[in-house]
Amino acid sequence: MKIDNLILMKAQLESLFDMLYIAQRTKDGRRREKSIREARQAISDYSQTIPTEVMNHFIREVGANALNYQHADDISECISVLDSLIKEQDKK
């Protein structure tokens with residue numbers, strides 16, 4: 001996998017992580033729940049576009065349900081996995 005693609009994936013996951021974090025910190029109850037659902041759905045939708053090669057790393061390091069709707073909170077761990085993949089590619 002090209003390092004540029006990994007960097008783009010990491011940037012997208014960081015953006016989605018920010019979206020989830022902001023949603024979780026929203027004070028208004030109904031708005032908060034809706035924002036969290038939308039953020040989780042966006043993470044789940046994006047995970048469907050991640051190449052199998054990278055998802056296999058996520059599954060090995062984070063778990064079989066990495067980035068699905070119920071386990072969207074695993075996103076920070078997936079970002080860490082991408083960091084290590086980027087460092088590996090950078091050494092090559």
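**Figure 1. Surface and overall build of the predicted model.** The protein exposes about 6000 Å², and carbon and sulfur atoms supply 47% of that area. The structure shown is a predicted model. Of the 92 residues in the protein, 33% are buried. Its secondary structure comes to four helices and zero strands, and along the sequence the pattern reads α-α-α-α. Taken along the principal axes, the C-alpha atoms fill a box of roughly 50 × 20 × 20 Å. Among contacts in the protein with a separation of 6 or more, 62% come from residues 24 or more positions apart.

**Figure 2. Contact of helix H1 with helix H2.** The axes of H1 and H2 cross at roughly 165° and come within 8 Å. Angles over 145 degrees count as roughly antiparallel, so H1 is roughly antiparallel to H2. The crossing of the two helices is left-handed. On the H1 side the contact is made by Met9, Gln12, Leu13, Leu16, Met19, Leu20, Ala23 and Gln24. These meet Arg32, Ser35, Ile36, Glu38, Ala39, Arg40, Ala42, Ile43 and Tyr46 in H2. Sorted by class, the contact of H1 with H2 has 11 nonpolar, three polar and three charged residues.

**Figure 3. Contact of helix H1 with helix H4.** Helix H1 (residues 3-25) packs with H4 at an angle of about 160°, and the two axes are 10 Å apart. H1 and H4 are therefore roughly antiparallel to each other. H1 passes H4 in a left-handed crossing. From H1, the residues in contact are Ile3, Leu6, Ile7, Met9, Lys10, Leu13, Glu14, Leu16 and Phe17. Their partners in H4 are Ile75, Ser76, Cys78, Ile79, Leu82, Asp83, Leu85, Ile86, Gln89 and Asp90. The contact of H1 with H4 holds 13 nonpolar, two polar and four charged residues.

**Figure 4. Contact of helix H3 with helix H4.** Helix H3 (residues 52-61) and helix H4 (residues 75-91) have their axes 10 Å apart and pack at an angle of about 120°. That angle makes H3 oblique to H4. H3 passes H4 in a right-handed crossing. Val54, His57, Phe58 and Glu61 are the H3 residues in the contact, and they meet Cys78, Val81, Leu82 and Leu85 in H4. By class, the residues of this contact divide into six nonpolar, one polar and one charged.

Figure 5. Arginine 40 lies in helix H2. Its relative accessible area is 15%, and buried means under 20%, so arginine 40 counts as buried. Residues up to four places away in sequence aside, arginine 40 touches Leu20, Tyr69, Gln70, His71, Ala72 and Asp73. Arginine 40 is also among the H2 residues that meet H1. Asparagine 5 is 35 residues from arginine 40 along the chain, and their C-alpha atoms are separated by 23 Å.

**Figure 6. Serine 44 and leucine 67.** Serine 44 has its place in helix H2 (residues 29-47). With a relative accessible area of 13%, serine 44 is buried. Not counting residues up to four places away in sequence, serine 44 touches Leu67, Asn68 and Tyr69. Leucine 67, one of these partners, is located in the loop between H3 and H4. Leucine 67 is buried, with a relative accessible area of 0%. Most residues other than glycine have a negative phi. Leucine 67 is not a glycine, yet has a positive phi of about 70°.

**Figure 7. Position of glutamate 77.** Glutamate 77 is found in helix H4. Its relative accessibility is 39%, so glutamate 77 counts as partly exposed. Glutamate 77 and alanine 66 are 11 residues apart along the chain, and their C-alpha atoms are separated by 9.0 Å.

Methods: Residues numbered from 1 in each chain as written. Predicted model: local features only at pLDDT ≥ 70, side-chain atom pairs only at ≥ 80, totals over all residues. Heavy atoms only, no water. Axes fitted to C-alpha atoms, helices over the stretch in contact; angles between N-to-C directions. Parallel < 35°, antiparallel > 145°, perpendicular 65-115°, else oblique. Left-handed = near helix turned anticlockwise from the far one by under 90°. Contact = heavy atoms within 4.5 Å. Nonpolar A, V, L, I, M, F, W, Y, C, P; charged D, E, K, R; others polar. Buried < 20%, exposed > 50% of the residue type's maximum accessible area, 1.4 Å probe, protein only. Areas by Shrake-Rupley, 256 points an atom, 1.4 Å probe, with all protein chains shown as cover.
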